[in-house]
Amino acid sequence: MNQKKEIKKINSLKKWKFNWRILWENFVFKHENVFYKMPSFIGKQFFYRKTDSYEQAKKNFELIKKYFWKVIPIAKTDIIKNSDWHYIIKQKVIKWNILTKKDLQDNYVLLSKFKKLIIINEIMFEKEWVFLDLLGSDFVLKPNKIHNLMTFANEIYIFDFGLFESKPQNFLFKIFSNLSINIQMFVIKYFWDT
């Protein structure tokens with residue numbers, strides 16, 4: 001399928017789906033074996049108002065690959081430029097489990113990989129001023145899970161690659177990012193015992 005037809009199909013599918021994201025910053029839906037993620041109206045108006053979200057998504061993905069690829073696998077991902085010039089992130093479904101606190105308590109290999117991921121995230125933050133969103137907005141509903149990490153046997157997979165930026169151009173995103181980084185660091189340190 002050529003890209004124009006694929007974009008048209010994705011946008012058509014979106015009309016029949018419900019946006020279940022808590023913060024409504026992205027529209028996320030699943031169709032067959034694929035998750036699709038694109039900025040919602042709120043995301044476009046507040047977070048990407050003066051930013052090319054497609055270029056930003058590509059840049060984020062390159063940073064994730066640069067820092068994590070050799071240690072933590074990433075779900076098969078394609079980034080497509082939508083007809084409105086924003087991104088569509090297309091990720092193949094990983095039919096395994098969302099990482100839980102119990103997984104880390106029961107499996108020392110997973111715990112070791114998770115700790116490496118945390119260290120890599122902190123290094124990336126020191127060097128690039130960006131921080132991988134591990135918890136996801138669904139964490140509010142299910143705080144015993146890390147929604148952007150999947151697990152199978154002794155492996156952890158990065159499923160989402162939203163990055164919080166410490167110094168973005170958008171003032172609102174700066175406030176949201178810095179608050180989210182601090183919350184995430186606190187939660188992982190004090191509630192996940194890492």
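Glu128 counts as partly exposed, at 27% relative accessibility. In this predicted model, the side chain of Glu128 meets that of Lys66 in a salt bridge, 3.2 Å from N to O. The two residues connect distant parts of the chain, 62 residues apart: Lys66 belongs to helix α3, and Glu128 to helix α5 (residues 108–128). Lys66 is exposed, with a relative accessible area of 57%.

**Salt bridges**

Side chains of opposite charge can pair when their charged atoms come close. The structure holds eight salt bridges; three of them are listed below.

| Residues | N to O distance |
|---|---|
| Lys66 and Glu128 | 3.2 Å |
| Glu55 and Lys58 | 3.7 Å |
| Lys76 and Asp78 | 3.8 Å |

Glu55 and Lys58 both lie in helix α3 (residues 53–68), where three residues, about one turn of the helix, separate them. Glu55 is partly exposed at 38% relative accessible area, and Lys58 is partly exposed at 32%.

**Aromatic rings**

Seven aromatic pairs are found in the whole structure. One of them joins Phe35 and Phe159 edge-to-face, with 5.4 Å from centre to centre and 80 degrees between the planes. This pair links distant parts of the chain, 124 residues apart: Phe35 is in strand β2 (residues 34–39), and Phe159 is in the loop between β8 (155–158) and β9 (163–165). Phe159 is buried, with a relative accessible area of 13%, while Phe35 is partly exposed, with 23%.

Elsewhere, Phe27, Phe29 and Tyr36 form one aromatic cluster. The charged end of Lys14 sits over the ring of Phe27, 5.4 Å from the ring's centre.

Note on methods
Residues numbered from 1 in each chain as written. Predicted model: local features only at pLDDT ≥ 70, side-chain atom pairs only at ≥ 80, totals over all residues. Heavy atoms only, no water. Phe/Tyr/Trp six-rings, centres within 6.5 Å; stacked < 30°, edge-to-face > 60°. Helix = DSSP H or I, 4+ residues; strand = E, 2+ residues; numbered from the N terminus. Buried < 20%, exposed > 50% of the residue type's maximum accessible area, 1.4 Å probe, protein only. Lys NZ or Arg CZ within 6 Å of the ring centre and 35° of its normal. Salt bridge = Lys/Arg side-chain N within 4 Å of Asp/Glu carboxyl O.
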